[in-house]
Amino acid sequence: MKYLVMAIAVIHGGCALAAMEWNVMVNPAQELRPIKLMNAVNNGPTKARTDQTRSNFDEYKALKIPYARIHDANHCSAYGGPHIVDISAVFPDWDADETKEESYDFTLTDEYLENIRKAGTEPYYRLGQSIEHWIKKYGVNPPKDYGKWARICEHVVRHYNEGWAKGFKWNLRYWEIWNEPDGNQVTADGRPGPTWTGTEEQFLELYKVTSLHLRKCFGDTIKIGGPSFCWWGAWKEKFVPFCAKERLPLDFYSWHNYFREPYEVGENCFRARKLLDDNGFTRTESHLNEWNYVKDWSDGWIYTLECDSGRLQQKGAAAIAAVMCVCQNSPLDVLMYYDVRVISNMNALFDTRTLLPQKGYYPYVAWSRLRRLGVQVQVVLKTPEAKGRQLYAVAAKSKSGDIGLLLARFSDDANIVETRRVRVATPNGIRADGVRCHVTDSARIYSETPVFDNGDGTVTVKLQPLSYAFLEF
């Protein structure tokens, strides 16, 4: 399949800023592909308990989130804390018999996953362990017996898909083997890697044993994949060829991307697709299942957190909208934001104290409407500006001809301060009185805002730096 790459023209600094105008042409006759699952997340809603009235269940459900990856749920007390999801939690005694029901503790994980499903979202099960930042590692060490570990994973699948051990028949599709095995580097203060303490060869063997065992047990009734790589390094270059050489199951390939500019994410989407295709995995899905804006992981970390839930949350929200657009226009199959846990410092969707929606919630509102419209249509951007890529867009139409257009403006350059006029056109013309526009910027949170009729069949919307708008017409 060929993917439209939106060309963004750049001119050099001699042009007066006041004369610049961005132009967006929406062509409903040029259908591209379905609106994809760019609105999945990590982790589920919080439901009020009898002794706690905080809940974001209704707001979460309203977004129609397709998948919730359940990595790091183990760190959240509202879900069940250290007693859920991880292999060490559901199978707490390594020396127990993995074939017997009494060796497993599914109680709190059952409750958590059922809560996700009640919100209309399918759990995406990460088989493995949550990240461990502390000096002593408990669960992220290589298992003592890879075969036994694989059989434990088998029984977790049987519990949720076949009703084993008083379980369920939920037909959960995605089963991911481990998380960030390339995060095994010893830190500057001498701590072992937070996600895997073994070698590359040990992980490759674990993936081989587990993937083959699960395929033998369940055939094609489940999708097997992983391993959620965190870096574009040598591990990525070796894992996929290893799977090809050993003929291992790889129904989906998962990877992570924390970024400063959204277009970087798009470049990596094409890079991941090429890696798979070059190794014969042309039908393997590409999943970016952890992503967020990160200024850096050291001196800029506080700034980063403020972009999710602090005074700079407008920036985090605009980044979400921009990355959704970038990935829709790439060969990515599924996009999963990290993270909506109620204790997560990287949760831009919900205030972690009140659980009320924040600015980052509303790109998901817009995307659910694009998904409802159904079919992506062509958008051509003309942005003669000197600062590089800033404007991102996706449009969709329904069978009845309704149009939705998401515009996102983002740049990590803090020196960009001017508001930009964006002229929107279609081949058949558009009138301001036929447009509903919701804008999120420094002053507004998904506020309905008038657009300006240019009198020539086009309309104009004004976008501040770090903002987004959703137009329906």
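**Group meeting: a walk through the predicted model**

Let me begin with the open sheet, which has 10 strands in the order S15-S14-S18-S12-S11-S10-S1-S13-S17-S16, with mixed pairing. The edges are strand S15, residues 447–448, and strand S16, residues 452–453, and each of these pairs on one side only. Please keep in mind that this is a predicted model.

Tryptophan 22 stands opposite valine 422 in S13. S13 also pairs with strand S17, residues 458–463, this time in the antiparallel sense and over 6 bridges. There, arginine 420 stands opposite leucine 463 in S17. As a general point for reading the picture, side chains in a regular strand alternate between the two faces of the sheet.

Now the barrel. How many strands close into it, and in what order? There are 8, in the order S2-S3-S4-S5-S6-S7-S8-S9, and the pairing is parallel. From one strand to the next the twist averages 30°.

Take one pair of neighbours as an example. Strand S5, residues 174–177, and strand S6, residues 223–229, pair in the parallel sense over 3 bridges. Tyrosine 174 stands opposite lysine 223 in S6. Helix H5, residues 200–218, packs on the sheet here, touching strand S4 (122–127), S5 and S6, with its direction at about 160° to that of S6.

S6 has one more item. A cis peptide bond joins glycine 226 and proline 227, with omega about -5°, and proline 227 lies in strand S6. A backbone angle to check is at aspartate 72, where phi is near 65°, a positive value in a residue other than glycine. Aspartate 72 lies in the loop between strand S3 (67–69) and helix H2 (87–90). For background, most residues other than glycine have a negative phi, and most peptide bonds are trans.

Next, aromatic contacts. With ring centres within 6.5 Å as the cut-off, the count comes to 33 aromatic pairs. One of these is tyrosine 125 with tryptophan 175, a stacked pair at 5.0 Å centre to centre and 20° between the planes. Why does this pair tie together separate parts of the sequence? Tyrosine 125 lies in strand S4 and tryptophan 175 in strand S5, so the pair links parts that are 50 residues apart in sequence.

Last, the largest pocket. Its volume is about 1,000 Å³. The lining consists of 40 residues, and those nearest the centre are Ile131, His133, Glu180, Pro194 and Trp297. Which elements give two or more residues to this lining? They are S7 and helix H8, residues 301–309. S7 gives the most, with 4 residues. By class, the lining has 17 nonpolar, 12 polar and 11 charged residues.

That is the tour. Questions are welcome.

Technical notes
Residues numbered from 1 in each chain as written. Predicted model: local features only at pLDDT ≥ 70, side-chain atom pairs only at ≥ 80, totals over all residues. Heavy atoms only, no water. Pairing = 2+ DSSP bridges. Axes fitted to C-alpha atoms, helices over the stretch in contact; angles between N-to-C directions. Contact = heavy atoms within 4.5 Å. 1 Å grid on protein atoms, 1.4 Å probe; cavity = no way out; pocket = protein on both sides within 12 Å on 5 of 7 lines; lining within 4 Å. Points joined across faces, edges and corners; volume = space filled by probe spheres on them. Nonpolar A, V, L, I, M, F, W, Y, C, P; charged D, E, K, R; others polar. Phe/Tyr/Trp six-rings, centres within 6.5 Å; stacked < 30°, edge-to-face > 60°.
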